[in-house]
Each structure stands twice: as structure tokens, then as C-alpha cells.
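Here is a short note for a colleague opening this structure for the first time. Please keep the view open while you read the points below.

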Amino acid sequence: IQADTINLPGSKITHYVLTAGATDDTGDLDTGGASAGTLIIQHSGSFISTIDGNDIDRVLEIGTGGGAVLDGITITNGTSTASAGGIQVGGNGAILSVFNSSITNNVGADTGGIVVLAGGLLSLNDSRVTGNSATNGVSGVGAGGIRYFSTIGSTIIDTTISGNTGNGGGGVGFVAGTLSVLNSTISGNTANDGGGIRVGGD
């Protein structure tokens with residue numbers, strides 16, 4: 001998907017389910033590339049819209065140089081055997097901005113909710129990252145909520161990160177870079193190493 005604005009109906013509860021096979025062309029929502037621009041997915045009313053991975057694939061992947069904005073969206077039931085189940089933010093300028101949204105009940109090998117790779121940027125505002133889990137069984141590897149590799153400064157503001165499970169940071173696995181957490185709650189997360197936030201490691 002290239003630069004575009006997708007307005008999901010907000011006058012009622014809406015629930016969109018991924019049904020295609022797990023390939024680059026037919027599985028998760030993909031955006032990125034040098035000329036991709038920014039994909040905006042937003043609800044247009046008082047209800048939050050849901051994009052459901054249906055346990056067949058990661059829900060959203062932002063490739064190199066791409067950007068995405070989520071506003072009033074729930075990302076749920078994503079799965080990946082390689083990386084993040086919910087959202088993967090690629091490196092080298094990929095940007096994800098999240099407002100009033102929920103990343104919940106996603107499962108990935110190394111990250112449950114959101115992974116930000118080297119050179120990517122995350123802005124998480126007034127949102128919830130809950131009930132995500134990483135399945136990597138190696139102690140110290142795999143963050144439940146968010147796994148952060150980027151050397152670019154990112155921010156988490158007015159956000160709750162809770163009920164996530166991993167082996168290298170239940171809530172946040174912070175590997176490298178600068179991540180500012182402001183006026184937020186990180187609680188009730190579990191991990192073999194670093195229940196709330198784990199700093200360092202792989």
C-alpha cells in the first residue's frame with residue numbers, strides 16, 4: 001500500500017479481519033519504499049476500529065523509508081514466526097506514529113506487539129500495548145510489548161504498557177538508541193529477564 005488515507009467508519013464498531021495467506025503480497029498490510037510516503041489509517045467517529053490478523057500473519061509492516069499513522073485503531077491477533085506479531089517498523093527512516101490506539105493480543109517470535117528496527121522511529125501517544133507475547137524461549141531475548149533497536153530518538157507518551165509477556169523485557173526490550181517514556185504506565189508485565197523494561201542484550 002502506498003501513501004494514502006484510509007478512513008474506517010466510526011459510527012459503529014467495525015472489525016476487519018485478514019483472510020489471505022501469509023505472503024508479502026497477500027498477508028499482512030505492507031507499506032514502504034523510497035517513494036511510498038505515509039499511509040494513514042484512522043477512524044472517523046466515536047468508536048475504535050479493529051484490524052484483526054486472524055492469527056495468520058503480522059498485521060502491519062512498514063518497510064524502509066515508509067511511514068504509517070494509526071489513529072483510533074486496534075491492532076490484534078497478529079502472529080509471526082520471525083519477528084513482531086503486531087507491527088514491524090523497518091529501519092533506515094521507517095516511521096510509525098500511533099494515537100489513541102491499542103496494540104493487543106499479538107504473538108511473535110522475538111516481539112509480541114511492536115518491533116522498531118535500526119533507523120526506525122516510533123511515536124506512541126495516548127495508547128495501550130497490552131496482552132502481547134514473544135515466544136522466543138532464550139532468556140533475555142524477545143520482548144512482549146515493544147522491542148526497540150533504533151538509534152533515532154523515539155517517544156512513548158500517555159500510554160499504558162501492561163500484561164505483556166516475553167523473555168527479554170516483558171513490557172519493553174530496549175536494545176539500543178534513545179527512547180523517552182513520559183507520563184506513562186508500565187505495569188503487570190512478565191519476563192525471565194526484565195519484567196517491565198530490559199535495557200541491553202539482543
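This is a predicted model: local features need pLDDT of at least 70, side-chain atom pairs count only at pLDDT 80 or more; totals for chains, interfaces and linings use all residues.

**Notes on the strands and the core**

1. Start with strand β19, residues 154-157. Its side chains alternate. Ser154 and Ile156 point to one face and are buried.

2. Which strands does β19 pair with? One is β15, residues 121-125, which runs parallel to β19 and pairs with it over three bridges. Another is β23, residues 179-182, joined to β19 by four bridges, again in the parallel sense. Thr155 takes part on both sides. Thr155 is the bridge partner of Ser123. In β23, the bridge partner of Thr155 is Ser180.

3. Now step back to the whole chain. It has zero helices and 26 strands. Of its 202 residues, 50% count as buried. The accessible surface comes to about 7800 Å², and 51% of that belongs to carbon and sulfur atoms. Look also at how far apart in sequence the contacting residues lie. Among contacts between residues at least 6 apart, 84% join residues at least 24 apart.

4. Next, trace an open sheet of seven strands. The order is β3-β6-β10-β14-β18-β22-β26, and the pairing is parallel. Why is one side of β3 and of β26 left without a neighbour in the sheet? β3 (29-31) and β26 (197-199) stand at the edges, so each has a single partner strand. On average, neighbouring strands of this sheet are turned by 5° against each other, direction ignored.

5. β22, residues 172-174, runs parallel to β26, and three bridges join the two. Gly173 has Arg198 as its bridge partner in β26.

6. The largest nonpolar core has 29 residues. Which of them touch the most other members? They are Leu70, Ile87, Leu96 and Ile146.

7. Leave aside its neighbours within four places in sequence. Ile146 is then in contact with Thr111, Ile114, Leu122, Leu124, Val129, Ile156, Ile161, Gly171, Val172 and Gly173. Two of these names have come up already.

8. Asn125 lies in strand β15. Is Asn125 buried or exposed? Its relative accessible area is 15%, so Asn125 counts as buried. The side chain of Asn125 makes a polar contact of 3.0 Å with the side chain of Ser123. Ser123 is also the residue whose bridge partner in β19 is Thr155. Beyond four places in sequence, Asn125 is in contact with Val98, Phe99, Asn100, Ile157 and Thr159.

9. Finally, find an asparagine in a loop. Asn136 lies between β17 (133-134) and β18 (146-148). With a relative accessible area of 19%, Asn136 is buried. The cut-off is under 20%, so Asn136 falls within it. A polar contact of 2.8 Å joins its side chain to that of Asp110. Leaving aside neighbours within four places in sequence, Asn136 is in contact with Ala109, Asp110, Val141 and Asn167.

Definitions and conventions
Residues are numbered from 1 along each chain as its sequence is written. Side-chain values use heavy atoms; hydrogens and water are left out. Buried means under 20% relative accessible area, exposed over 50%, partly exposed in between (1.4 Å probe, protein chains only). Contact means heavy atoms within 4.5 Å. Accessible areas come from the Shrake-Rupley method with a 1.4 Å probe; for residues, only the protein chains shown count as cover. Two strands pair if DSSP finds at least two bridges between them. Axes are lines fitted to C-alpha atoms, for helices over the stretch in contact, and angles run from 0 to 180 degrees between N-to-C directions. A nonpolar core is a set of buried Ala, Val, Leu, Ile, Met, Phe, Trp, Tyr and Cys residues joined through side-chain atoms within 4.5 Å. A polar contact is a pair of N or O atoms within 3.5 Å; within protein, one must be able to donate a hydrogen and the other to accept it, and residues adjacent in sequence count only if both atoms are side-chain atoms.
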